[in-house]
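Me: I am new to this structure and would like to go through it in questions and answers. Please show it before we start.

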Amino acid sequence: MASFAIGRYVPYNSFLHRLDPRSKLFAVIALMIAVFFDYPSWSMRATMMGALFLFFCFLLYVSRMSLRSILSSLRSLWFMILFLLLIYILVPQGDEPVLGVAWEINGWTVYWDAFAQAARIMLRLVMMIMLTMILTATTKPLDLTYAIEWYLTPLKLFRFPSAEVAMTISIALRFIPTLLEDANRVSNAQASRGVDFKHGRIGARIVGITSLIIPLFVSSFMRSEDLADAMECRGYDPSAKRTRYRKLRFTFASFLALLIPSLILAGYITVSVMHLDFYALAGLSVL
């Protein structure tokens, strides 16, 4: 759990750290949208998603983040991955399988398409986690709050509490690593008292998880109360007009951070909507 870095700001002097948070937030949303487009063949799916994954790995390298931390954070999701794979194997798919038969079990045919579908879902999840880690690791919580509030500014005409919503989202992202550290600390404390989270019957495991969840809820409520008291002591008033010590300004680098993800998103939309297949256009026989 400790390696899971979503919500934790990592101070470096990289190119991504110096970008305007409004540009980074827009880029993350645009690239997340690009992740979910579909393509006419498995070869095109592998090519387009592979190119996007390599681009995300480059962003991880620039932001001084490690791909190993992402992979280690997915250890708790293996059950969900196996469940998705089982669903794709047991439930007939609407599209006709094109990757061929993997094996047959008592008359039940298992296709390679089921494994490809599960791998695609897994890759999408990994890329979304990569984007979230890049955003939170390279953006200070206050800057992220300002970016969210800036995008919600037009809603103030409808008396929408944009400042309060932005502050709430920022606090939620900020406390994700803190809650994970608390969960790791409580689980170690319960394990030292003889609680076994990995072995035993289902009833014993449920009792063990309960002994983890209850202290975690208590710790969360205590932290939220301390945070509310601290904000009140500092005179925080969500309805008051706020001023800022540091004014954010768009630069040429921020413009590039808006332009490049926009071009990537436009390219992926074009390929998906027009059902382009580069391999078929080149006369190659692929799946």
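Reply: This is a predicted model. For "transmembrane region", the unreviewed UniProt entry lists residues 25-42, 48-65, 77-94, 114-136 and 250-271.

Me: How far apart are the end C-alpha atoms of residues 250-271?
Reply: The chain over residues 250-271 is 91% helix and 0% strand. Its end C-alpha atoms are separated by 31 Å.

Me: How are the rings of Tyr-39 and Tyr-268 arranged, stacked or edge-to-face?
Reply: Ring centres must lie within 6.5 Å to pair, and planes over 60 degrees apart count as edge-to-face. By this rule there are six aromatic pairs. For Tyr-39 and Tyr-268 the centres are 6.2 Å apart and the planes at 70 degrees, so the pair is edge-to-face.

Me: How many residues apart in sequence are the parts that this pair ties together?
Reply: Tyr-39 sits in the loop between helix H2 (21-35) and helix H3 (42-62). Tyr-268 belongs to helix H10 (residues 252-273), so the parts tied together are apart in sequence by 229 residues.

Methods
Residues are numbered from 1 along each chain as its sequence is written. This is a predicted model: local features need pLDDT of at least 70, side-chain atom pairs count only at pLDDT 80 or more; totals for chains, interfaces and linings use all residues. Side-chain values use heavy atoms; hydrogens and water are left out. UniProt positions are given in the numbering used here, feature names are shortened, and annotations may be inferred rather than shown by experiment. Helices (H or I, at least four residues) and strands (E, at least two) are DSSP runs, numbered from the N terminus. Rings of Phe, Tyr and Trp (its six-membered ring) pair if their centres lie within 6.5 Å; planes under 30 degrees apart count as stacked, over 60 as edge-to-face and the rest as tilted.
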